[in-house]
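This briefing is meant to be read beside the sequence and the coordinates.

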Amino acid sequence: MKCVKKLVAVLLIAVMALTLLTACGGGGSSAETGNQLTAKINNQLADDNSDIRLTYSDKLSSQAIVCLQYYQRTGDANSALQMANLNERDYNFIAIDVNQGESMEYAASLLAVQIEALGNNWGKAKQVGYAEAELLNTQPKQYRLFVLLKK
């Protein structure tokens, strides 16, 4: 019974997150945007002579939404992973804040540096998923980009 309640709670959180993010798109699908950002990160990693190459995952993006919501409320990264039933051995995340209007290339360059640094300690990421949320009361308007990585 407890397992069912937890599952229902996680699904409810995911539905609420998707509802919040429906107005955040730029006209393209989230998979299309995820693939574009992943391609730009991979280009930056290649320019930096890194052997890390990522593939975009819709499933990881769904899990990233759950993690982001919990992280936003608590600031606790480890609990955010646990809330989405992910282990720290195989999953990690990066959260960056970007101003509205900053290019995808700028975000990709920030993320590539952090992904490379993470690879030195945690291991090479192979899959990636994304979630974003608007930060309230910021000028200029800012967004938190939550990047979930899987080995």
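The points below are grouped by topic, after a short note on conventions.

The model is predicted, so local features need pLDDT of at least 70 and side-chain atom pairs count only at pLDDT 80 or more, whereas totals for chains, interfaces and linings use all residues. Residues are numbered from 1 along each chain as its sequence is written, and side-chain values use heavy atoms, with hydrogens and water left out.

**Nonpolar cores**

- A nonpolar core is here a set of buried Ala, Val, Leu, Ile, Met, Phe, Trp, Tyr and Cys residues joined through side-chain atoms within 4.5 Å, where buried means under 20% relative accessible area, exposed means over 50%, and partly exposed lies in between (1.4 Å probe, protein chains only).
- The largest such core holds 23 residues, and I41, L111 and L149 are the members that touch the most other members.
- At least two residues of this core come from each of α2 (30-47), β2 (91-99), α5 (104-121), β3 (127-135) and β4 (142-150), these elements being DSSP runs numbered from the N terminus (helices are H or I with at least four residues, strands are E with at least two).
- Helix α5 supplies the largest share of this core, with 6 residues.

**Helix α3 and its ends**

- Helix α3 covers residues 58-74, and its 17 residues should span 24 Å at 1.5 Å a residue, which agrees with the 25 Å between its end C-alpha atoms; the expected span is 1.5 Å times one less than the number of residues.
- The buried residues of α3 include L60, A64, V66 and L68, and also the polar residues S61, Q63 and Q69.
- At the N-terminal end, S57 caps α3 through a side-chain oxygen that lies 3.3 Å from the backbone nitrogen of K59.
- After α3 comes G75, whose phi is positive, near 75°.

**Buried polar side chains**

- S79 lies in helix α4 (residues 77-83) and is buried, because its relative accessible area is 19%.
- The side chains of S79 and D76 are joined by a polar contact of 2.7 Å, that is, a pair of N or O atoms within 3.5 Å, of which, within protein, one must be able to donate a hydrogen and the other to accept it, while residues adjacent in sequence count only if both atoms are side-chain atoms.
- R144, in strand β4, is also buried, with a relative accessible area of 19%, and its side chain makes a polar contact of 2.6 Å with the side chain of Q72.

**Salt bridges**

- The whole structure contains 5 salt bridges, each a side-chain nitrogen of Lys or Arg within 4 Å of a carboxyl oxygen of Asp or Glu.
- The side chains of R144 and D97 form one of them, at 2.8 Å from N to O, and this pair links distant parts of the chain, with R144 in strand β4 and D97 in strand β2, 47 residues apart.
- D97 counts as partly exposed, at 35% relative accessibility.
- R89 and D90 meet in a salt bridge at 3.2 Å, N to O, where R89 is exposed at 56% and D90 is partly exposed at 24%.
- E134 and K141 form a salt bridge whose closest N and O atoms are 3.8 Å apart, with E134 partly exposed at 36% and K141 partly exposed at 32%.
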